[in-house]
Amino acid sequence: KTSSTYETALLETTLHKIGALLQVGFGEAGTEIIRQNMGHGGNLNPLIAGRKMTGIFGFCDIRQFTDATECLQEEVMVFVNRIGEIVHEATHQYSGAANKNIGDAFLLVWKFDDRTPNLYEELC
């Protein structure tokens, strides 16, 4: 590979990673706001008109996390990441999205829209 090809691939990989980190950091709602801002020349406009959404929010936290932290010590992050992976996979399996991860807690959302007209029946 030439040097310029390598640099382009490295830049592309870096941009994908930054995008993924922004998605995790801002959640699904924040990602949509960023997408709309980027579509308008990249200038940040926090006053872009929103839209009404209907959905179900779920909150999940790790029971007795303080005790787990004391037992696992430096391995606690591996534990939290594994639990997070399970929670995220289950949420996505049922047409939801993980909105925020805050320490030992997870905020999840199931939105009702044109793509999921029967979501309520599927979840019940």
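Predicted model: local features only at pLDDT ≥ 70, side-chain atom pairs only at ≥ 80, totals over all residues.
**View 1. The open sheet has three strands in the order β1-β3-β2, with antiparallel pairing.** From one strand to the next, the twist averages 20°.

**View 2. β1 and β3 run antiparallel and are joined by eight bridges.** To find your way along this pair, look for D61, whose bridge partner in β3 is A105. Helix α3 packs on the sheet and touches β1, β2 and β3. The direction of α3 makes about 10° with that of β3.

**View 3. The largest nonpolar core is made up of eight residues.** Here you can pick out I62, V76, V80, V87, A98, F106, L108 and W110.

**View 4. T91 sits in helix α3 (residues 76–93).** Is T91 buried or exposed? With a relative accessibility of 3%, T91 falls under the 20% cut-off and therefore counts as buried. Leaving aside residues up to four places away in sequence, T91 touches G96, A97, A98, L108 and W110.

**View 5. Helix α2 (residues 65–72) packs with α3 at an angle of about 135°.** The axes of the two helices are 9 Å apart, and their angle makes α2 and α3 oblique to each other. On the α2 side, F65, A68, T69 and L72 make the contact, while α3 brings V76, F79 and V80.

Conventions
Residues numbered from 1 in each chain as written. Heavy atoms only, no water. Helix = DSSP H or I, 4+ residues; strand = E, 2+ residues; numbered from the N terminus. Buried < 20%, exposed > 50% of the residue type's maximum accessible area, 1.4 Å probe, protein only. Contact = heavy atoms within 4.5 Å. Core = buried A, V, L, I, M, F, W, Y, C linked by side-chain atoms within 4.5 Å. Axes fitted to C-alpha atoms, helices over the stretch in contact; angles between N-to-C directions. Parallel < 35°, antiparallel > 145°, perpendicular 65-115°, else oblique. Pairing = 2+ DSSP bridges.
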